[in-house]
Each structure stands twice: as C-alpha cells, then as structure tokens.
Amino acid sequence: MKQLLADGSGNIFQISKCFRNNEQIGTCHNPEFSMLEWYTVNADYRDSIAHTEEYFAEVAPPGTPEHLLPPFRIESMHNLCLTYAGIDLDKLQTLGKLKTAASRLGITVSNTPETWESLFNRIFLTLVEPEIPQDRPLVITEYPAQIHCLAANAKNPYYKERWELYAAGIELANCYSEETNPDRIEEFFRAESAAFATRPYAPNAAIPDIPHDFHKLFSNPAKPFPRCSGTALGLDRLLMLFGGFDTIKGVILFPLSDTI
Amino acid sequence: MIKAGQIEKGMALLIKGAPFIVVEREFVNPGKGSAFVRAKLKSPSTGRVLRETMKTQDSVEDVTVDDRDSQYLYNDGENYHFMNTSTYDQFEIPMASFEDYQYLMKDGEIYRIIFWETTPLDIIIPYKVVYKVAEAQDAIKGDTVTGATKVVVTETGLKVKVPIFIKQGENILVNTETKEYIERVNK
C-alpha cells in the first residue's frame, strides 16, 4: 500500500486476509483473519481517530450498545500508566529505572535477558490493560518510542504518534502517523531483521530479509511521499462485537479452533 | 522447572516460595511483538489472587503434586472439612480460597484433592455434576414462550437457570465451571 501511496494513489483502503500463528487461538483470535487497512493522505494519527469514529457510526447496526459506539474515550499511554500502575513513563526511560519501578510494583523479574519494550509490555499487560475503562471504546494514544514501529515520532521524543483502539477490552485497531524519513525506515528494518535472528522461534522458522529498496519509496525527489496516517482494524473482531457474538467463531466460516 | 509457555490451567507453581494454582492462562501478543503468558494465580492457603505476565521463554518453578481421594464432610463457614479416605486423617481447606465451592460440593461425596507434600492445593470438582433440584417454582400456566427459563436451587444451594419444565425433586446435569444447566437426568 505504501508503494501505491508513493505513486500518488491518494487515500486508499483494502480488506485482505492476514495470517498470525503465534497468538492464542480462542475467543478473540483465528490465525487467518480479515484486516481492514486504510491510509489517509495529508492526515495524522489524530485525524484517523475522527475517521474511525465516523466509520463506527456508519457501520454499527441499529441497537448497538453504547459501549461500542463513538465518541471514543481518548487517553494517552502515559496517563493510563500513571492512573493504573502509578508510574511516570517520562521518568523511566532507561531499562534500569523501569526495572526498579517494576519490582516495586511486584512484577516478577524475568530470568532471561529482557528489553525495555518487553518489561514495559509486562507492566502494561499485568496492571493497566485489565483495568482500562470499557464504558466507551478507548483509544490509547502515544505509545512509547522504545516500542519500535514505523510510526512518526511525537513532539515528546519518548513517544510515537501511534494509537490502539480497544472496545469491550478487546484490541481492535492500530494506527500511526506514518514515518516518512527514509533513513529511519531503513534503520527500522535493519533492527527488525537483527531482532528476528535472536528471537526464540521454531528452529526452521524463516527470518525475513530486509526489504532493501523499500526505504527508497520515501526518498524519490520526483515523487515526494505524502504525509499520511494508516489504520489497521481487525474486521472479524469488529463484526463479532457489533453482531453480539461471544467468540470470533461466530463470524468465521471455518474457525481453526473447530479442527483441533 | 518449566517454561512459562508451558503453563496450563490447574497447574501448581511456586511463586517466591509459595504455591499457587493457575486459574486462568492466556497468551497475549501486544502489537506485533513477542508473546507473553498472562496468568491469574490463586493461593490455596489464603485465596490471594496474583496476576503475572511472563515471557514465554522464562522459566517457572512447577510443583510436584499428588492427589488423594477425600470425603467432603461439612463447612463451618470458614473452612471446608475433609477426610482422607485411606488414612482417615481429617484436614481443612479455607473457604476463602474456593469461594463458590460450597454450592458445588455435596456432603459425604468423595473428591480428588491435590496435595503438595502436606499442603492441600486444589479441590477437583468434576466438569459435569448431577444435582437434585431442592427448590423450584411451578411453571406459570399459559407461559409458552419458547426458551422460557426460571431459576431453581439445587440440594447444595446452587442457583441454576433452567427451562421451565424442570420440577422440584428432579435431577439436572450442571456444568460446574459455568454453572449452567446442561440437561434433565431421569433416574
């Protein structure tokens, strides 16, 4: 899709199948699922919140309960961590400081080497995510910059212009102001590729190559890459919630959980 | 020692030296990152609930346990009293650790109790159990709505939503995990 954007497509969307086999098959996940992904040019992650609200208002069937409808509740990751874990992320940017805070919070020390990202995720998953308000869909904005991704940096360099949407406690969508700096994009893929090599995957798992030319899409002087924001939304999960189903099986024709 | 990725519901783990039972376990992958195991653990001695999120490759100390058939005698409002059916030893399990079990266990019935050395860790209640209906209101005449339900109370005091045709004194099969009615049992 970024190739199309580089080519001047303007606003685009697609609905396509995605495959993720490293997640628990259960009420909210099937390894093959449908993703709705859209990019809006001359827009940032904040604009995408409004677009997503419009989309929800448009597609929600009559009688959809209020906790699944816009307006969304918008909270920064910084504030949620302050409220539910009592920690100030601005002051915990080194692994050492985060470790000290984590042990004060009763988070078990990992007995294998751990990155800042992993420890942050464990704090978030243990203390914050189970507590987030569910009276409205919740947009968690400004994810830590130490969680590497292709989102642009926020004004505060500790964070990225990124949000995730939760409804009924279920993770539904992920959005960035897209990074357009070619050097940072190249660096991201190099780091990803190196990280893949060290992750404890199955012995025969393929390690994806760096897409060597990808960053060039962002440095073509003849066609400057547009400022844009992209959102990816798990369509099956949305249908499940809007349709009032308890499990994702309700909206998938041949769920894998039926065959195992 | 096992890897956190191998943790399963019902397992006993040693956390900071104290035994805990895994009551819930799920794998979570925030964003597209690596996988974590999020577990809810319960202390069988205090009922304290612990939430832990571990990396799947972290190691955790599992506990070697054995099970002993024991007869449920009664509860005194604070403890469940059991008797080991082979040694006739009596022992107690705090009710706070297994709050709703008083509505699931029948006096005099034999249950499997999981022990870690001399400490009882878990009471195993079969997934499906037949209970006698102790209290049920008669169906209201003319109430023919399909799928109409009412609430009955079993011999153990468990409240179960059942179809309206169930009468007092009848036996019903109940899912003890969800506490939902499965079917009427004729016997």
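In these notes I take helices (H or I, at least four residues) and strands (E, at least two) as DSSP runs, numbered from the N terminus. The model is predicted, and I kept to its limits: local features need pLDDT of at least 70, side-chain atom pairs count only at pLDDT 80 or more, and totals for chains, interfaces and linings use all residues. Residues are numbered from 1 along each chain as its sequence is written, chains are lettered from A and ligands numbered from 1 in the order in which they are written, and side-chain values use heavy atoms, with hydrogens and water left out.

**Entry 1: helix H7 of chain A**

I began at the end of H7(A), where A:Gly244 follows the helix with a positive phi, near 75°. The buried residues are A:Leu235, A:Asp236, A:Arg237, A:Leu238, A:Met240, A:Leu241 and A:Phe242. I then looked up what covers them, and the cover includes helix H2 (45–59) as well as strands E1 (12–19), E2 (32–41), E5 (162–167), E6 (170–177) and E7 (228–234) of chain A.

**Entry 2: chain B as a whole**

For chain B I noted zero helices and 16 strands, and a box of roughly 60 × 50 × 25 Å, taken along the principal axes, that its C-alpha atoms fill. Of the 187 residues in chain B, 44% are buried. I also noted that, among contacts (heavy atoms within 4.5 Å) in chain B with a separation of 6 or more, 43% join residues 24 or more positions apart.

**Entry 3: domains 1 and 2 of chain B**

The domain assignment, automatic or from a database, gives chain B domain 1 (2–62), domain 2 (66–124) and domain 3 (128–185). Ten residues of domain 1 of chain B are in contact with seven residues of domain 2 of chain B. The two domains bury about 700 Å² between them, 67% of it on carbon and sulfur atoms, where buried area is the accessible area (1.4 Å probe) that two parts lose on being put together, summed over both. On the side of domain 1 of chain B, B:Pro19, B:Ile21 and B:Pro44 lose the most area to domain 2 of chain B, together 53% of what that side buries. Strand E2 (12–15) and strand E3 (18–28) of chain B each supply at least two residues of that side.

How values were computed: Buried means under 20% relative accessible area, exposed over 50%, partly exposed in between (1.4 Å probe, protein chains only).
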